[in-house]
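Colleague: I have not looked at this one before. Can you walk me through it?
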Amino acid sequence: MTYKVKTLIAAALVSWSVAGIAADTIKIGVSGPFTGGSSPMGVSMRDGVKLAVAEINKNGGVLGRQIQLVERDDEAKNERGVQVAQELINKEKVVATVGFINTGVSLASQRFYQEAKIPVMNNVATGTLVTHQFDDQPENYIFRNAAHDTIQSAMIVDEAIGKRKLTKVAILADSTNYGQLGREDLEKALDKKGVKPVAVEKFNIKDVDMTAQLLKAKAAGAQAILTYGIGPELAQIANGMEKLSWKVPMIGSWTLSMGNFIDNAGKNGEGALMPQTFIQEANTPKRKAFIDAYVAAYKPANGRIPSPVSAAQGYDSVYLLAAAIKQAGSTEGTKVRAALESLQAKVDGVVTTYDKPFSKADHEAVKTGMPVMGMVKGGHVVRAQ
């Protein structure tokens with residue numbers, strides 16, 4: 001056998017070996033906005049996902065195979081999300097995807113996974129419609145481990161109307177699917193209390209002046225501002241109230257916990273209230289270990305996770321999916337979906353310990369009563385008193 005032939009055989013063996021290793025991994029997509037105004041949520045989610053995958057792989061993986069993440073930045077754009085979904089399904093051959101931060105991107109993209117019978121674990125997008133988009137179909141491949149907007153809007157309204165006994169509230173919501181679906185849920189929750197908002201105002205992503213909307217709310221006698229938007233624009237609301245020398249409570253969806261709200265609003269964001277599934281407090285051994293691991297791995301400024309909720313839910317989403325793959329004994333989509341709907345083992349997460357979190361009729365892991373109210377205090381989110 002010539003040297004040249006031996007070399008070719010050796011090269012072929014290496015090639016086959018590498019291909020075998022790649023084929024033997026479990027490929028999971030992680031999709032979210034890793035750039036732009038939503039990036040604190042997307043990056044925190046992705047980093048939480050990576051922590052969970054590193055832990056699982058270190059402990060032998062799932063079904064004796066390592067998990068391989070395939071990351072894609074959807075830029076918080078619906079059309080980009082659609083491209084990413086098709087690429088992850090058709091080119092990368094993922095067996096599942098975790099992620100989706102923006103409700104609009106989720107609603108535009110997840111139909112491709114549904115058609116391909118590939119499970120999706122929404123770990124941040126909260127639009128109530130997200131898990132119900134395919135209710136008319138025999139099987140639903142869309143799951144979630146985030147607090148959907150029906151839960152959040154009820155908590156926001158209970159805080160304003162029930163606890164604080166306010167009678168006049170204004171709603172300020174952004175013009176995205178997230179903001180407008182959240183506004184609808186807020187109005188429904190208010191209606192159940194017999195309250196009609198005195199003002200309902202809209203704003204766009206990247207708006208920097210909320211004066212017109214705030215003046216209308218103030219003129220209508222609003223005693224609180226209820227919000228649905230993301231960090232940068234929410235900060236403009238808080239800063240706008242300061243410019244008008246008008247200070248009323250700001251109570252909104254979980255995104256008031258975003259680092260780019262807290263930092264951009266500064267002292268004007270103090271006291272803002274929002275539902276939270278996870279607050280960066282080491283109040284259990286599991287949470288302490290998670291926070292310590294995150295800070296050590298990613299070294300966030302001032303030790304504050306940019307979006308603690310996103311990081312924690314990202315982390316838990318992988319463990320839920322891994323438990324389903326293990327139970328199914330397979331990565332086949334139909335079997336993983338069925339396993340998620342009937343999980344036998346408890347999953348010890350940082351948000352909660354999940355005990356049969358899903359059923360065929362209920363694809364929501366976070367239930368009413370699980371989230372708590374958080375409050376911005378001293379540049380961090382703490383549990384509201």
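Predicted model: local features only at pLDDT ≥ 70, side-chain atom pairs only at ≥ 80, totals over all residues.

Colleague: How many residues has the largest nonpolar core?
Modeller: The largest nonpolar core has 71 residues. Leu190, Leu226, Phe290, Leu321 and Leu340 have the most contacts inside it.

Colleague: Which helix gives the most to this core?
Modeller: Helix α11, residues 308-328, with eleven residues.

Colleague: And what does Leu226 touch?
Modeller: Leaving out residues up to four places away in sequence, Leu226 touches Ile156, Ala160, Val169, Ala170, Ile171, Leu172, Leu186, Leu190 and Ile251.

Colleague: New topic. What does helix α8 reach from its first C-alpha to its last?
Modeller: Helix α8 covers residues 231-243 and reaches 18 Å. That is close to the 18 Å expected at 1.5 Å a residue.

Colleague: Which elements do the buried residues of α8 pack against?
Modeller: They pack against β6, β7, α7, β8, β9 and α9. Among those buried residues are Leu234, Ile237 and Met241.

Colleague: Now rings. How many aromatic pairs are there in the whole structure?
Modeller: A search finds eight aromatic pairs.

Colleague: Why is the pair of Phe143 and Phe358 edge-to-face?
Modeller: Their ring centres are 5.1 Å apart and the planes are at 70°, so the pair counts as edge-to-face. An angle over 60 degrees gets that label.

Colleague: Are Phe143 and Phe358 buried or exposed?
Modeller: Both are buried. The pair links distant parts of the chain, 215 residues apart.

Colleague: Where does the charged end of Arg337 sit?
Modeller: Over the ring of Tyr141, 5.3 Å from its centre. Arg46 lies over the face of Phe34, at 4.7 Å from the ring centre.

Conventions:
Residues numbered from 1 in each chain as written. Heavy atoms only, no water. Core = buried A, V, L, I, M, F, W, Y, C linked by side-chain atoms within 4.5 Å. Buried < 20%, exposed > 50% of the residue type's maximum accessible area, 1.4 Å probe, protein only. Helix = DSSP H or I, 4+ residues; strand = E, 2+ residues; numbered from the N terminus. Contact = heavy atoms within 4.5 Å. Expected span 1.5 Å × (residues − 1). Phe/Tyr/Trp six-rings, centres within 6.5 Å; stacked < 30°, edge-to-face > 60°. Lys NZ or Arg CZ within 6 Å of the ring centre and 35° of its normal.
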